[in-house]
Amino acid sequence: MADISAMPGLVTSMFAIPKMKKYPFKIALDRTGSLTKDWPRKENAVTVMKIQKEMIQEIDYAISLEEFAKLAGQFLK
């Protein structure tokens, strides 16, 4: 899930969404910010949540691409 509510509309439609369509995984978009407003977050970080059986099992935050790759790889095991 990605909160894209702060992204300018032109950037969203011309660049972000076309690029996201090429991702090898599905991504849901929160265009207004209302769906994800109560989700845990830290400034300048990506929230990574491990979900099993519709329950959040673990929450981590990545501030670099390397940290995100490490967390994503850990959660895919």
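Thr36 counts as buried in this predicted model, at 3% relative accessibility, where buried means under 20% relative accessible area, exposed over 50%, and partly exposed in between (1.4 Å probe, protein chains only). This threonine lies in the loop between S2 and S3; helices (H or I, at least four residues) and strands (E, at least two) are DSSP runs, numbered from the N terminus. Not counting residues up to four places away in sequence, Thr36 touches Met1, Asp3, Asp30 and Arg41, with contact meaning heavy atoms within 4.5 Å. Another residue of the loop between S2 and S3 is Asn44. Asn44 counts as exposed, at 67% relative accessibility, and has a positive phi of about 60 degrees although it is not a glycine.

The model is a predicted one, in which local features need pLDDT of at least 70 and side-chain atom pairs count only at pLDDT 80 or more, while totals for chains, interfaces and linings use all residues. Residues are numbered from 1 along each chain as its sequence is written, and side-chain values use heavy atoms, with hydrogens and water left out.

Turning to the overall fold, the protein holds two helices and four strands, arranged along the sequence in the pattern β-α-β-β-β-α. The C-alpha trace spans about 35 × 25 × 25 Å along its principal axes. Of the 77 residues, 17% count as buried. Among contacts with a separation of 6 or more, 32% are accounted for by residues 24 or more positions apart.

Helix H1 (residues 9-20) has Thr12, Ala16, Ile17 and Met20 as its buried residues. These residues lie on the same side of H1, because they cover an arc of only 90 degrees around the axis; the arc is that of the directions from the helix axis to the C-beta atoms. Leu10, Phe15 and Lys19, on the other side of H1, are exposed. The packing partner of the buried residues of H1 is strand S2 (29-30). Leaving aside neighbours within four places in sequence, Thr12 is in contact with Ile4, Met7, Ile17, Pro18 and Arg31.

The next element to consider is the pairing of S3 and S4. S3 and strand S4 (residues 55-62) pair in the antiparallel sense over seven bridges; two strands pair if DSSP finds at least two bridges between them. Together S3 and S4 form a hairpin with two residues between them, and Lys53 in the turn has a positive phi of about 50 degrees. Glu54 also has its place in the loop between S3 and S4. Although Glu54 is not a glycine, its phi is positive, at about 60 degrees. Glu54 is exposed, with a relative accessible area of 77%. A separation of 9.1 Å is found between the C-alpha atoms of Lys50 and Ala72, which are 22 residues apart along the chain.

Finally, there is the question of empty space. Rolling a probe the size of a water molecule over the atoms shows where empty space is left. On a 1 Å grid over the protein atoms alone, a pocket is an open set of points where a 1.4 Å probe fits, with protein on both sides within 12 Å along at least five of seven lines, and lining residues have an atom within 4 Å of a point. The largest pocket holds about 1200 Å³ of space; grid points are joined across faces, edges and corners, and a volume is the space filled by probe spheres set on the points. Its lining is made up of 30 residues, of which Met1, Ala2, Val46, Thr47 and Phe68 lie nearest the centre of the pocket. Strand S1 (2-3), strand S3 (46-52) and helix H2 (65-75) are the elements that give two or more residues to this lining. S3 provides the largest share, six residues. By class, the lining has 22 nonpolar, three polar and five charged residues. Here Ala, Val, Leu, Ile, Met, Phe, Trp, Tyr, Cys and Pro count as nonpolar, Asp, Glu, Lys and Arg as charged, and the others, Gly among them, as polar.
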